[in-house]
Amino acid sequence: LASMGDSGGADAPLGRGFYTERIHELTRALAKQQAGIDAVLADLADARKQHNAASEKMRRAYASADERVFREAARDRALGPAYKALAMLHGSFAQLSTNIDAEVSLASSSREIEARVKALEGARLAEAVDRLSDDYLALRAENDAIARDDNLSRRPSPDRGEADC
C-alpha cells in the first residue's frame, strides 16, 4: 500500500487519487467488456433471426414440394424414389436445424457462465478494493496514533525539568 517516494526512498502512503484513478480504470475496462458482450449478443440475435427465417422458408418449400411430388408419385410409380429422397432430404435438414439450435444454445449457455464468472471476479475485485481501502485507513489511523504517542513521549513533562530529557 505504499510506494517509494522521490525523497530518499522513504515509504510514502499512496494518495486517494491513486485509488480513485484505479477504480475509474477498472470501470472503463468493464464498460469496454460490456460493449463487446453486447455486440456479441446482437450478432447472436441476428443469427437466430436469420436461422428462424431460413427454417421457416425451408418448411414452406418442403410443404410445397412434398405436395407436388406426392401428387406426381401417386400418378407415376417411377417417382416413388424421388418422393423418398425428398423425405430423407427434409429429415437431414431438420437434423441440421436441430444441431444448429443445440450449438446456439450451448454457446449462449457458455456466454452466460462466462458472464457469471466475470461478475464473480468483479465482485471479488470490488471486495478486495474495499478491504485494501479499509486496511489503508486502519494503517493511517495506526500511524497517526503512533505519531501522537511518539510526540507525547518526546515532550518534557511538567513534573520533570528539561534537564531530565
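This is a predicted model: local features need pLDDT of at least 70, side-chain atom pairs count only at pLDDT 80 or more; totals for chains, interfaces and linings use all residues.
Residues are numbered from 1 along each chain as its sequence is written, and side-chain values use heavy atoms, with hydrogens and water left out.

**Entry: layout of the chain**

I looked up the secondary structure, taking helices (H or I, at least four residues) and strands (E, at least two) as DSSP runs numbered from the N terminus. The chain has two helices and two strands, and along the sequence these follow the pattern β-β-α-α. Of its 165 residues, 8% count as buried. I then took the contacts (heavy atoms within 4.5 Å); among those with a separation of 6 or more, residues 24 or more positions apart account for 50%.

**Entry: the two helices**

I compared each helix with its expected span, which is 1.5 Å times one less than its number of residues. The 60 residues of α1 should span 88 Å, and the end C-alpha atoms of α1 are 88 Å apart, which agrees. For α2, with 75 residues, the distance from first C-alpha to last is 110 Å, close to the expected 111 Å.

I listed Tyr19, Leu26, Leu44, His51, Ser55, Asp66 and Ala73 as buried in α1, and I noted that α2 is included in what covers the buried residues of α1. In α2, the buried residues are Leu86, Ser97, Ser108, Val129 and Tyr136. His90 also has its place in helix α2, but at 23% relative accessibility it counts as partly exposed. The C-alpha atoms of His90 and Tyr62 are separated by 7.0 Å, although the two residues are 28 apart along the chain.

**Entry: aromatic pairs**

I paired rings of Phe, Tyr and Trp (its six-membered ring) if their centres lie within 6.5 Å, with planes under 30 degrees apart counted as stacked, over 60 as edge-to-face and the rest as tilted. By this rule I count three aromatic pairs. In one of them, the rings of Phe18 and Tyr19 have centres 5.4 Å apart and planes at 80 degrees, so the pair is edge-to-face. Ring pairs link Phe18, Tyr19 and Tyr136 into a cluster.

**Entry: pockets**

I took a pocket as an open set of points on a 1 Å grid over the protein atoms alone, where a 1.4 Å probe fits and protein lies on both sides within 12 Å along at least five of seven lines; lining residues have an atom within 4 Å of a point. The largest pocket holds about 340 Å³ of space, and of its 15 lining residues Gln34, Ile37, Arg111, Ala115 and Lys118 lie nearest its centre. Helices α1 (16–75) and α2 (80–154) each supply at least two residues of this lining, and the largest share, eight residues, comes from α2.

The second largest pocket has a volume of about 270 Å³, and its lining includes Leu26, Lys118 and Val129. The elements that give two or more residues to this lining are α1 and α2.

Definitions and conventions
Grid points are joined across faces, edges and corners, and a volume is the space filled by probe spheres set on the points. Buried means under 20% relative accessible area, exposed over 50%, partly exposed in between (1.4 Å probe, protein chains only).
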